[in-house]
Amino acid sequence: MTPLAYRVERKRRETAGTWTLDLEPVGEAIDPIRPGQFTMLYLFGVGEVPISSSGDPALDGRLVHTIRAAGAVTRGLCAANPGDVVGVRGPFGNTWPLELARGKDVVVVAGGIGLPPLRPAIYHVLGNREEYGNLVLLYGGRSPTELVFRQEVERWRARLDASVEVTVDTAGHDWRGRVGVVTKLIPRAPFDPGNAVAMIVGPEIMMRFAAQTLLERGMPVESVFVSMERTMRCGVGLCGHCQLGPTLICRDGPVYRWDEIAPLLEVQEL
Amino acid sequence: MRTLDALITDSPVFADLEHHELELIAGCAKNVGFEAGDRLFREGDPADTFFLVRHGLVALEQYVPNRGVLTVDTAGPGEIVGWSWLVPPHRWQLSARAVEQTRAVEFDGACLRDKCAADTDLGYRLLTRISSELVSVLTAARLQLADVYGNGDH
């Protein structure tokens, strides 16, 4: 439960308020983090926040986290510079169903800052390409300037073994891509709904519509997975801050099969 | 080479209609092509046609004073562009422009309206499918309006 010291090695600006930090252990390292898991990042003297890994799981030791400045801790983390030291606890939570997806098409649906938690799964599929069917990435954002990993997404789009579609909610005359909600991309995306696994991250309303559209396309509900976000404090299922009905997201999640979590999202009081 | 009546089944609006109905509808259609930047129609002009995109991408645009021209939606292969031909006053509510080289099937809306009036069974089936498509468009527009990616949502 004690944070381990990690040094900021590199810092990259993704959007106006979103930064990616590469962290290296100062001494002892946490266990390797797997796709879908998160750590608790501790900004000394300010507080802790849960942040999903956004790095390549094949790179041992280095932690990569993409953070949007939204509160005191995340603003402080985004302001950290190379050489600064932060605390890290973890890794926590379960993982994306990459074993279940083996031999199947992989459909990744990301909304806004939902792409970073999915990036390790994308890296894994691209790094083990022969073990998976079609890789489909459908990424939606608010506007072109608020898309993260733009250059990398363009590189993925140029690959012959991946199908990448990007859309934004609103754009000026100079945007040459798609405009509209990300769910609009699902009906014509190149995957076999009977032999695919979907992984979705984004605002809850977007995940709900994305899951619904995937089910309408014919995907079985047990093949649809989402990653949930709630306020977390302890990360190990003790404090109860991230409780959602009968489940504690830090302990039982953050990755859930859609039929496990959907009924809870319909309860306004939760 | 696919005939027009086969091409139009790429849209859910025309999929699984009877062959003779597809032929009837295709009688109101023709193949068209646009270069990047070409305008399909302009906001306020008479709306007598609509398009089924076969290849390429079409942007639906709206002029917003002080903000310029905004793209509010796009349509790619298999999607329909233009609904204003359906209901009076039959004037475009938005403008449409080809973002890239685009091929499409253009329908004569007045011709189709006449055929639906003459064959009300076909008209009903077509309108049911169009309604379903419009519900999808409306749902997507509501989600877009919700600005779900705004700060603090995720």
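**View 1. The hairpin of β3(A) and β4(A) in the predicted model**. Between the two strands of this hairpin lie 3 residues, and Gly45(A) takes a positive phi near 80°. Strand β3(A), residues 38–43, and strand β4(A), residues 47–52, run antiparallel and are joined by 6 bridges, and within this pairing Met40(A) has Pro50(A) as its bridge partner.

**View 2. Strand β3(A) beside strand β6(A)**. The strand β3(A) is also joined by 4 bridges to β6(A), which spans residues 85–92 of chain A, and these two strands run antiparallel; here Tyr42(A) stands opposite Gly87(A). Strand β3(A) is mostly covered, with 5 of its 6 residues buried.

**View 3. Helix α4 of chain B**. This helix runs over residues 120–145, and its 26 residues reach 36 Å from the first C-alpha to the last, which is close to the 38 Å expected at 1.5 Å a residue. Its buried residues include Leu122(B), Leu126(B), Ile130(B) and Leu143(B), and what covers the buried residues of the helix includes β11 and α4 of chain A together with α2, β5 and α3 of chain B. Just after the helix, Asp147(B) takes a positive phi of about 50°.

**View 4. The largest pocket**. The largest pocket has a volume of about 1400 Å³, and of the 46 residues that line it, the closest to its centre are Lys184(A), Asp73(B), Ser136(B), Val137(B) and Ala140(B). The largest share of the lining, 11 residues, comes from α4(B). By class, the lining of this pocket has 20 nonpolar, 14 polar and 12 charged residues.

Key:
Residues are numbered from 1 along each chain as its sequence is written. Chains are lettered from A and ligands numbered from 1 in the order in which they are written. This is a predicted model: local features need pLDDT of at least 70, side-chain atom pairs count only at pLDDT 80 or more; totals for chains, interfaces and linings use all residues. Side-chain values use heavy atoms; hydrogens and water are left out. The expected span of a helix is 1.5 Å times one less than its number of residues. Buried means under 20% relative accessible area, exposed over 50%, partly exposed in between (1.4 Å probe, protein chains only). Contact means heavy atoms within 4.5 Å. On a 1 Å grid over the protein atoms alone, a cavity is a set of points where a 1.4 Å probe fits but cannot get out, and a pocket is an open set with protein on both sides within 12 Å along at least five of seven lines; lining residues have an atom within 4 Å of a point. Grid points are joined across faces, edges and corners, and a volume is the space filled by probe spheres set on the points. Ala, Val, Leu, Ile, Met, Phe, Trp, Tyr, Cys and Pro count as nonpolar, Asp, Glu, Lys and Arg as charged, and the others, Gly among them, as polar. Two strands pair if DSSP finds at least two bridges between them.
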